[in-house]
Amino acid sequence: MMAGRRNGALLFHFFLSIFPMLHLFFFFYNRLSQMLAGLLLMLACGQTLAQSAPRLELCVACHGAKGVSQSPTFPSLAGQPKIFLENQLVLIREGLRDIPQMKGTLDGLKDAELTKLALYFASLPPPPPAAGPVDAASYQRGKAVAEGTRCGICHLPNYSGREQVPRLAGQQERFLLDVMKEFRDHPGPGRDTIMAASLYGLKDAQLKDLAHFFAHFK
Ligand code: HEC
Ligand code: HEC
């Protein structure tokens, strides 16, 4: 009789303890299947984004497979905010941002097609920090200038960019230097005036340090 009651109590405790475990099991099972479904969806979307973006084979010849440039003067496009890419593509197509290498590349593309290109490159993983050796002194000077002039207010403190503001982290160093000189010395009609003003008065050596810092940013 006593044994029977003890067994009953044990069974009761067993169920009490297994319920939270079952609960946890189903919780993780659910999360796992959600994650798997998300992953499959991402893969499928990546495929269709690539299929629907026009003239991709041209872009990747210069901007690198998967939008990660292997060439110092060609910018990486991977992981740039969609709106930034869209804006630049319109400016380039209209000739307001003059890029001789891209002459004709976007001719005849509709806004919706530019958006497809922007969506595709925005969906790709951003470039890793530059592979070359880091000049620690230059990196530190660049960091100090960037913090002193508050580039991070718009480009975000990790320089990943957002909306119409580009990512700078991991970008090609030489391209960054060239484009900053362009902003400082000849800001074109389509370019952001506050951005140009942020670089006003900075010396070439400081722009060089900034480019080194952003390219290697960790
Ligand atoms: C022959 C080489 C070449 C081809 C082809 C090319 N680009 Fe470019 N692109 C460049 C260069 C060089 C720049 C940077 C110019 C500068 O500002 O100095 C650039 C800049 C850009 C920018 C601005 C990026 C930034 O960070 O400022 C975007 C966006 C872009 N290209 C998209 C594209 C797309 C999309 C295609 C394909 C439809 C394409 N490009 C084809 C060479 C090329
Ligand atoms: C008020 C917001 C703002 C501030 C502050 C700012 N930027 Fe920008 N920056 C922008 C925007 C917006 C663009 C996109 C350019 C355009 O559309 O004309 C840009 C573009 C750039 C580019 C070109 C990148 C590319 O891929 O084309 C570089 C490099 C850059 N900024 C560096 C800096 C540095 C360095 C500082 C600090 C000294 C800085 N920015 C401060 C808003 C800002």
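**Exercise 1.** Decide whether glycine 201 is buried or exposed.

*Solution.* Start with the rule: a residue is buried if 20 or more other C-beta atoms, placed from the backbone, lie within 10 Å of its own, exposed if 12 or fewer, and partly exposed in between. Glycine 201 has 9 C-beta neighbours inside 10 Å, so it counts as exposed.

The model is predicted: local features need pLDDT of at least 70, side-chain atom pairs count only at pLDDT 80 or more, and totals for chains, interfaces and linings use all residues. Residues are numbered from 1 along each chain as its sequence is written, while chains are lettered from A and ligands numbered from 1 in the order in which they are written.

**Exercise 2.** State how many helices and strands the chain has.

*Solution.* Helices (H or I, at least four residues) and strands (E, at least two) are DSSP runs, numbered from the N terminus. The count gives nine helices and zero strands. Of the 218 residues in the chain, 22% are buried.

**Exercise 3.** Describe how H3 and H4 pack.

*Solution.* Axes are lines fitted to C-alpha atoms, for helices over the stretch in contact, and angles run from 0 to 180 degrees between N-to-C directions. The axes of H3 and helix H4 (residues 111–123) are 8 Å apart, at an angle of about 140°. That makes H3 oblique to H4; angles under 35 degrees count as roughly parallel, over 145 as roughly antiparallel, 65 to 115 as roughly perpendicular and the rest as oblique. Among the residues that make the contact are Leu85 and Leu89 of H3 and Leu114 and Phe121 of H4. Two residues are in contact if their C-beta atoms, placed from the backbone, lie within 7 Å.

**Exercise 4.** Find which residues come nearest to each ligand.

*Solution.* A residue is near a molecule if its C-beta atom, placed from the backbone, lies within 6 Å of it. For ligand 1, there are 22 such residues, and Cys59, Cys62, Pro75, Gln88 and Gln101 come nearest. H2 gives the most to this shell, with five residues. For ligand 2, 23 residues surround it, with Cys151, Cys154, Arg191, Asp192 and Met195 the closest. Helix H6 (152–155), H7 and helix H8 (193–198) each give two or more residues to the shell around ligand 2.
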